[in-house]
Amino acid sequence: MTALDLEKLKYPIGKFEFPIEFTPEYLSAKINEIESFPERLKKETLHLTNEQLNTPYRPDGWTVRQVIHHCAESHMNCYIRIKWALTENNPVIKAYDETLWSELPDNLNMPIQPTLTLLEGLHYRLAFIMKNLSLADLEKSFIHPENNCEYKIKQLIGTYAWHGNHHLAHITTLKKYKNWN
């Protein structure tokens, strides 16, 4: 496998790029993607066997099961970060090691149904809060300690819409390659 092939497997929809402008239309479209993510993920994964769920989407990559659980963990962190940014003045958030989290027993062995259910409620809440943000709220921010960078809530909306689509593409690309229906 070439480096280009591996890069395409890592980023099947490409890397995230911030828009030039966060227009209301852009934000609305991204919130709709966030809102629909759990249903799209469930449609692609609920029928998979344990063997399929335990298949990595690329060499040295996470299994489908780990990807599903990772999405819930990452998006829970998104929700908490938005709440902190809305209620504190530019707080420094807590980072987590997603690789270490992915190696814990729940991510390796737990059924996906509870996580799919969690994502439904979480994304309902994410979309609800995002749809009700004021222009001032969209500018509120937090500091990420890994790179000491400031991230605004409006940036999170695009980033997490991409994140869900990115991991969903890992799964759909694998399904297509393996001819899983």
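Visitor: Which elements each supply at least two residues of the lining of the largest pocket?

Guide: The model is predicted, with local features needing pLDDT of at least 70 and side-chain atom pairs pLDDT 80 or more, while totals for chains, interfaces and linings use all residues. Residues are numbered from 1 along each chain as its sequence is written, and side-chain values use heavy atoms, without hydrogens or water. A pocket is an open set of points on a 1 Å grid over the protein atoms alone where a 1.4 Å probe fits, with protein on both sides within 12 Å along at least five of seven lines; lining residues have an atom within 4 Å of a point. Helices (DSSP runs of H or I, at least four residues) and a strand (E, at least two), numbered from the N terminus, take part here: α4 (64–87), α5 (98–102), β1 (141–144) and α9 (153–178).

Visitor: Which element gives the most to the lining of the largest pocket, and with how many residues?

Guide: The lining of this pocket has 30 residues. The top contributor is α9, with 9 residues.

Visitor: Which residues lie nearest the centre of the largest pocket?

Guide: By class, its lining has 12 nonpolar (Ala, Val, Leu, Ile, Met, Phe, Trp, Tyr, Cys, Pro), 6 charged (Asp, Glu, Lys, Arg) and 12 polar residues (the others, Gly among them). Nearest the centre are Ser74, Glu98, Tyr160, Trp162 and His163.

Visitor: Which element provides the largest share of the lining of the second largest pocket?

Guide: Fourteen residues line the second largest pocket, with Thr23, Pro24, Leu27, Leu135 and Leu138 nearest its centre. Two or more residues each come from α2 (24–45), α7 (113–131), α8 (135–139) and α9. The largest share, 4 residues, belongs to α2.
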